[in-house]
Amino acid sequence: MTDFFAKKPIELLMEEARETGTHSLKRTLGVFQLTALGVGAVIGAGIFVLSGLGAHYAGPGLMLSFVLSGLGCAFAALCYAEFAAMIPLAGSAYTYAYATLGEIFAWIIGWDLTLEYAMGASTVSSGWSNHFIELLNVFHIKMPLWLAYDHWTGLHTAETIVARQMAQASDSTLVPGTQAFLNKVTDIMGAQSPELVQKAHDLLNAPHLFGYEVGFNVPAFVIALVITAILVIGIKESARFNATIVTIKVAVVIFVIGLGFRYVSASNWGSDWSNFAPYGFSGIGAGAAYIFFAYIGFDAVSTTAQEAKNPQRDLPIGIIASLLVCTVLYIAVAAVLTGMVPWREVNIEAPIARAFLDRGLTGASHIITLGALAGLTSVMLVMLLGQTRVLYSMAKDGLLPQKFFADVHPRFRTPYKNTMLVGLLAAIVGCLTPIDDIGRMVNIGTLLAFVIVCIAVLALRRTNPGQPRPFRTPWVPFVPVMGILFNGYMMYKLGWINWARLIIWLIIGMVVYFTYSRKHSRVQAALEGRKTT
């Protein structure tokens with residue numbers, strides 16, 4: 001009989017963590033590289049985009065919204081830090097669940113992390129492509145829409161371009177980027193007039209295959225393969241590349257803050273609470289819920305535990321320091337945005353870039369585009385890195401084919417086969433599919449991982465209180481319980497459609513588990529006294 005709640009002994013985990021040789025991962029990462037990986041995963045284009053809509057909920061109180069969101073993540077980060085220091089293995093939440101809650105929960109979270117990391121990388125590759133096309137536009141280089149987007153996104157983009165032209169033609173007083181202008185564009189697109197549809201297809205000008213229009217997002221496909229090649233070459237090279245990119249994007253954020261403060265008017269922040277937070281605490285809370293997803297990614301640091309030189313000390317520092325750095329930068333950007341522009345006039349589509357353009361600072365807006373591009377490059381690298389390390393851990397436990405997913409290159413010391421497979425799949429998904437819905441699936445998958453890690457801390461404190469903990473989550477049970485409540489509430493706010501997608505994904509995972517994984521599990525084999533293949 002299969003024991004679905006069989007736990008992987010911590011002694012066995014620690015033994016695996018001490019493995020060395022050509023078939024193990026290479027320990028080369030220090031505090032700076034780990035912190036850079038965390039910052040690399042968190043700061044993407046969100047800081048330049050999400051702040052716009054957040055400001056319309058919270059007003060200048062957007063600064064407090066970022067504090068509130070950061071606090072919610074901090075509860076989960078403190079729980080991750082305890083496990084990362086105690087069990088320095090590559091599997092992150094998957095490994096922690098295996099040690100505390102049992103195999104079935106470990107499988108669920110491992111399968112769920114695939115949703116977070118691989119689909120997240122696909123989402124980001126498509127977002128990267130959008131910013132790359134913006135950068136090309138700066139140099140007056142135009143790509144055909146059918147080569148710049150997947151078919152559905154390309155057609156939607158063509159419709160949007162035509163609808164914006166029609167909106168401006170119908171009312172010359174409308175200012176692009178304002179709510180009134182966006183409402184007019186939405187109405188035109190909702191009507192789907194024959195004129196709009198025909199002009200959009202003419203603008204798309206896509207070739208036909210078997211009678212159907214085709215689209216292929218070339219930039220998304222290429223960047224995913226380039227990042228995959230860097231990851232195959234080695235963790236040290238990947239970390240060095242990431243640190244360079246992170247330096248560029250943090251420099252851009254600091255540039256935005258420094259230049260922006262010269263144009264801040266304190267009167268835009270308001271002189272009393274009702275002006276600072278026009279919708280009160282509920283508005284600040286709504287803003288926090290929306291911008292929360294600008295923080296996701298710090299958990300990917302824990303997937304590199306097996307490649308850290310001193311994981312017991314460095315991983316907690318890397319996780320918490322990266323979250324702290326991002327929170328400080330986010331609050332400063334929110335202060336600049338709401339100080340430069342009265343909150344009701346903040347542009348929703350490109351709030352930071354528009355704030356600078358309105359002051360004639362065209363060069364600054366181009367630098368912001370470059371920063372967003374750099375931001376998404378490092379996010380993609382860390383997402384693909386995290387995915388390959390989770391699959392490596394699952395394969396080492398026998399839950400996936402070990403000869404493929406856990407095969408380490410003798411020279412590069414990376415799980416190269418699974419890296420190439422994951423990178424190729426991310427490239428294909430990113431270049432052929434519209435990514436809005438995938439992005440929301442990534443969020444719910446991430447939040448589930450946060451909740452399970454918080455539960456795991458509580459479980460291990462009861463079942464194994466004497467286990468040495470180089471870093472202890474403070475104020476237990478308060479911190480993990482708050483992590484469960486805060487992140488559980490965010491999951492609830494994502495709506496039933498995303499819950500349905502998550503459940504379907506987990507059902508597919510259960511089919512894989514019962515047809516393959518439980519029969520090849522090393523833990524199950526040890527319980528039954530048999531060998532695994």
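Predicted model: local features only at pLDDT ≥ 70, side-chain atom pairs only at ≥ 80, totals over all residues.
pLDDT is the predictor's confidence in each residue, on a scale from 0 to 100. Across the chain the average pLDDT is 87, and 96% of the residues score at least 70. Among the chain's elements, helix 11 (residues 218-233) has the highest mean pLDDT, 94, while helix 3 (residues 46-58) has the lowest, 79.

Now for the inside of the protein. The largest nonpolar core takes in 146 residues. Which of them have the most contacts inside this core? They are F48, Y80, F83, Y94, F298 and F356. Helix 17 (residues 362-396) supplies the largest share of the core, 17 residues.

Take F48 as a way in. Setting aside neighbours within four places in sequence, F48 touches V252, V253 and V256, then P351 and I352, and finally I368, G371 and A372. There's also a second, separate core, made of 11 residues, with A163, V185, L196 and I348 among them.

On to the aromatics. A pair of aromatic rings is described by the distance of the centres and the angle of the planes. This structure holds 24 such pairs, and here are two of them.

| Pair | Centre distance | Plane angle | Geometry |
|---|---|---|---|
| Y80 and F450 | 5.9 Å | 80° | edge-to-face |
| Y489 and Y492 | 6.4 Å | 35° | tilted |

The Y80 and F450 pair counts as edge-to-face because its planes sit at 80°, and the cut-off for that class is over 60 degrees. This pair links distant parts of the chain: Y80 belongs to helix 4 (residues 62-86) and F450 to helix 20 (residues 436-463), 370 residues apart.

The Y489 and Y492 pair has its planes at 35°, so it is called tilted. Both residues lie in helix 21 (residues 478-493), three residues apart, or about one turn of the helix. How exposed are they? Y489 is partly exposed, with a relative accessible area of 44%. Y492 is exposed, at 61%, because the cut-off for that label is over 50%.

One more aromatic feature to look up in the viewer: F4, W107, W111, W505, Y513 and F514 form one aromatic cluster.

Methods: Residues numbered from 1 in each chain as written. Heavy atoms only, no water. Core = buried A, V, L, I, M, F, W, Y, C linked by side-chain atoms within 4.5 Å. Buried < 20%, exposed > 50% of the residue type's maximum accessible area, 1.4 Å probe, protein only. Helix = DSSP H or I, 4+ residues; strand = E, 2+ residues; numbered from the N terminus. Contact = heavy atoms within 4.5 Å. Phe/Tyr/Trp six-rings, centres within 6.5 Å; stacked < 30°, edge-to-face > 60°.
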